[in-house]
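Me: I would like a close look at one part of this model. Please start with a helix packing and go on from there.

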Amino acid sequence: MDNLDKQLLNLLQKGLPICEQPFAQVAEQVGSDEATVIARLEDMLECGLLSRFGPMFDAACWGGDFTLAAMEIPQHDFEMVNEIVNSFEQIAHNYERAHRLNMWFVIGTETAQEIFDVIAQIEQKTGYKVYNMPKEKEFFVGLYLPV
Amino acid sequence: MTAITITELERQYIVLTQDGLPLVPKPYHWLADKLAISVEETLAMTKDLLDRGVIRRIAAVPNHYKLGYKFNGMTTWDICDERAQEFGEKVGQLPFVSHCYLRPRHLPQWNYNLFAMVHGRTEQEIKEKQHQIKELLSDVLQTHQGQANDILTSTRILKKTGLRLRNGKK
């Protein structure tokens, strides 16, 4: 990663200008040219330094509903419950976390009702309670990782 | 969570760009062509989607890990409900916080109502950031049961799949 890569990473995490030739405008800001900026971004995507480049959409526009849920699972049943939870296609992410509530997952469904159906099914199949923690309020989401 | 209403054309916009904006000199020309509308209309639609919050931003999304940000922790806080909105906004504005939400408590198992995900290059950095948040929240921190805050670190990823919009109507 050279200085130009770092400049591009720091600048483009904050956003690309909305205009006909955005990469030319970015090039001007970092003292480079359009072709170089595009080539550098291609390289950074290729090597995995960037996981994506483009619009980041609010999950709500996917038309469904989402929630975060947690469970308290004793070690001896953890793998059994993990298997059941992950078997639902509505589970997008699932993490083991170091807490009394040790399994945390995101449920994404087409309708709001389906969230409750999934939770009821998980509780019935595993025998453990699911703590539903839907977001009540979201604050500005904007991570900036300077390099 | 309230669903966002989008038009069919906007839905097409999402389907076309959910994998990314093409790295070509005139990406909105490419998009206009695919949507069969003018470049001006495509740019206006982009700005409108940003204004409405459908698009959060058009940006580079770095791989945390490859940039050296190998540590993250979900910090959780028990703050007084009356001022939760005000202080949630303050925490959300910190640059190292990637997600910040108010969520319901489940007493006695769970007494925290504010969640803030922090990222750092070292474990020490995470602790420092947790401390910064703690100072910011000092006036509103409370304890329903002995502890006012905690940090959830993930010990294992059990499942990770992306959310995608299907091409075509639901």
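Within what distance do the axes of helix 1 and helix 3 of chain B come, and at what angle do they cross?

Reply: This is a predicted model, where local features need pLDDT of at least 70, side-chain atom pairs count only at pLDDT 80 or more, and totals for chains, interfaces and linings use all residues. Residues are numbered from 1 along each chain as its sequence is written, chains are lettered from A and ligands numbered from 1 in the order written, and side-chain values use heavy atoms, without hydrogens and water.

The axes of helix 1 (residues 8–17) and helix 3 of chain B come within 12 Å and cross at roughly 90°. That makes helix 1 of chain B roughly perpendicular to helix 3 of chain B (65 to 115 degrees). Axes are lines fitted to C-alpha atoms, for helices over the stretch in contact, with angles from 0 to 180 degrees between N-to-C directions. Helices are DSSP runs of H or I with at least four residues, strands runs of E with at least two, numbered from the N terminus.

From helix 1 of chain B come B:Leu9, B:Glu10 and B:Tyr13; they meet B:Met45, B:Thr46, B:Asp48 and B:Leu49 of helix 3 of chain B (contact: heavy atoms within 4.5 Å). The residues of this contact comprise 4 nonpolar, 1 polar and 2 charged. Here Ala, Val, Leu, Ile, Met, Phe, Trp, Tyr, Cys and Pro are nonpolar, Asp, Glu, Lys and Arg charged, and the others, including Gly, polar.

Phi of B:Ala36 is near 60°, positive although the residue is not glycine. B:Ala36 is exposed, at 69% relative accessible area. Exposed means over 50%, buried under 20%, partly exposed in between (1.4 Å probe, protein chains only).

B:Ser98 lies in strand 3 of chain B. B:Ser98 is buried, with a relative accessible area of 4%. Its side chain makes a polar contact of 2.8 Å with the side chain of B:His99. Another polar contact, 2.9 Å, links the side chains of B:Ser98 and B:His119. A polar contact is a pair of N or O atoms within 3.5 Å; within protein, one must be able to donate a hydrogen and the other to accept it, and residues adjacent in sequence count only if both atoms are side-chain atoms.

The loop between strand 3 and strand 4 of chain B holds B:Pro108. A cis peptide bond joins B:Leu107 to B:Pro108, with omega about 5°.

Definitions and conventions: Angles under 35 degrees count as roughly parallel, over 145 as roughly antiparallel, 65 to 115 as roughly perpendicular and the rest as oblique.
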